[in-house]
Amino acid sequence: MYLKRHEIITFLNVLDREFPHDLSSQAVLQVPQVYKSALQRHKYADVLLSVSVYGFCLLALILYMFTRDPNGPITVQQQLLGGYLPFGLRESHKAYPLAWFYDVLCTVNGVSYFSTFDTMFYSMHEQILMHLDCLTRQLTKVNWTSQDDTELYNEICQLIRRHQYLNSLCDQFNYIFNAAIMITDLIAATSICFHLFLMTETDDHFLMLRYFIPIVGLILFTFEVCHRGAQLEEAYLQLNAKLYNQKWYLCSKKIRKLILIWLKYTQCTKKLNAYGVMELNMGHFTDVRMT
């Protein structure tokens with residue numbers, strides 16, 4: 001994402017220009033409903049993230065405080081992340097707060113990456129869905145029985161151009177998040193498998209709880225991303241279904257030919273993928289869960 005920061009800024013500027021800035025236009029795009037949904041999701045995500053991070057970081061500290069042996073070594077269970085630190089800091093009881101604080105910083109750094117990715121991904125994704133849903137609603141308001149073929153033809157052409165523009169926005173969105181989607185998905189899947197393996201290798205219920213917290217967080221994160229990909233596919237399928245069910249067959253031959261071409265174009269569903277290696281939808285989430 002850092003390497004594509006210029007593309008992200010450019011894309012955000014494009015979305016900002018497309019975003020309605022007056023109340024009447026916002027009502028047409030149903031911005032209040034989108035904002036209410038985003039605010040509610042932010043509250044749930046904030047609570048879940050806070051509970052997971054605080055719980056994960058404090059469990060090791062609490063275990064150390066109640067089970068430490070000043071004359072014995074610091075066990076792996078009493079450490080937050082473990083790993084190597086110079087000058088024997090991991091083995092020193094006096095340096096335990098420093099080692100624990102370092103592990104907390106590493107944990108927060110990793111969580112901040114997922115949080116930043118989720119925030120940018122969700123905000124861009126929701127705006128694209130908002131414009132796609134508005135296009136679908138505009139399609140249902142077309143007067144297919146109009147006697148003025150020229151006006152109807154121009155109106156349909158305007159909707160088609162809007163559809164093409166939204167497709168270009170989806171392509172830009174996919175290009176920005178291709179690498180991030182692949183890396184995040186691989187890291188999440190690997191971490192889930194690793195923590196599940198650790199759970200099966202211990203009989204300590206405290207350690208099981210400690211390993212279970214990141215598993216739940218990563219599963220929910222993967223579900224959220226895959227669900228967003230499925231929503232995008234559903235929005236395109238809905239556009240195709242709405243167009244197919246309109247009374248365009250009552251129009252002139254010229255308009256019917258145009259609609260047939262557009263129907264073929266709407267069948268090209270845009271999907272979130274990582275360079276074509278994987279498609280983010282509920283099918284992919286099922287594959288990750290089964291693996």
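The axes themselves are lines fitted to C-alpha atoms, for helices over the stretch in contact, with angles running from 0 to 180 degrees between N-to-C directions.

The model on screen is predicted, and local features are reported at pLDDT of at least 70, side-chain atom pairs at pLDDT 80 or more, while totals for chains, interfaces and linings use all residues. Residues are numbered from 1 along each chain as its sequence is written, and side-chain values use heavy atoms, with hydrogens and water left out.

**The whole chain.** Start with the protein chain in cartoon view, where there are 8 helices and 0 strands (DSSP runs, H or I of at least four residues for helices and E of at least two for strands, numbered from the N terminus). The radius of gyration, taken over C-alpha atoms, is 25 Å, well over the 19 Å that the globule rule gives for 291 residues, so the chain is more spread out than a compact globule; the rule is 2.2 Å times the number of residues to the power 0.38. Along its principal axes the C-alpha trace spans about 95 × 40 × 30 Å. Of the 291 residues, 40% are buried, a term used for under 20% relative accessible area, with exposed meaning over 50% and partly exposed in between (1.4 Å probe, protein chains only).

**Helix 3 and helix 4.** Select residues 31-67 for helix 3 and residues 96-140 for helix 4, whose axes come within 11 Å and cross at roughly 165 degrees. The two helices are therefore roughly antiparallel to each other. The residues of their contact divide into 17 nonpolar, 3 polar and 3 charged; here Ala, Val, Leu, Ile, Met, Phe, Trp, Tyr, Cys and Pro count as nonpolar, Asp, Glu, Lys and Arg as charged, and the others, Gly among them, as polar.

**Thr136.** Return to helix 4 and pick Thr136, which is buried at a relative accessible area of 5%. Leaving aside neighbours within four places in sequence, Thr136 is in contact with Gln238, Leu239 and Lys242, where contact means heavy atoms within 4.5 Å.

**Helix 5 and helix 7.** Next select residues 149-200 for helix 5 and residues 253-266 for helix 7, the axes of which come within 11 Å and cross at roughly 10 degrees. This pair is therefore roughly parallel. Show side chains for the contact, which includes Leu152, Tyr153, Ile156 and His163 of helix 5 and Ile255, Leu258, Trp262 and Tyr265 of helix 7. The residues of this contact divide into 11 nonpolar, 4 polar and 2 charged.

**Asn174.** Finally, stay on helix 5 and select Asn174, which counts as buried at 12% relative accessibility. Which residues does Asn174 touch, not counting those up to four places away in sequence? They are Lys271, Leu272 and Asn273.

Technical notes. Angles under 35 degrees count as roughly parallel, over 145 as roughly antiparallel, 65 to 115 as roughly perpendicular and the rest as oblique.
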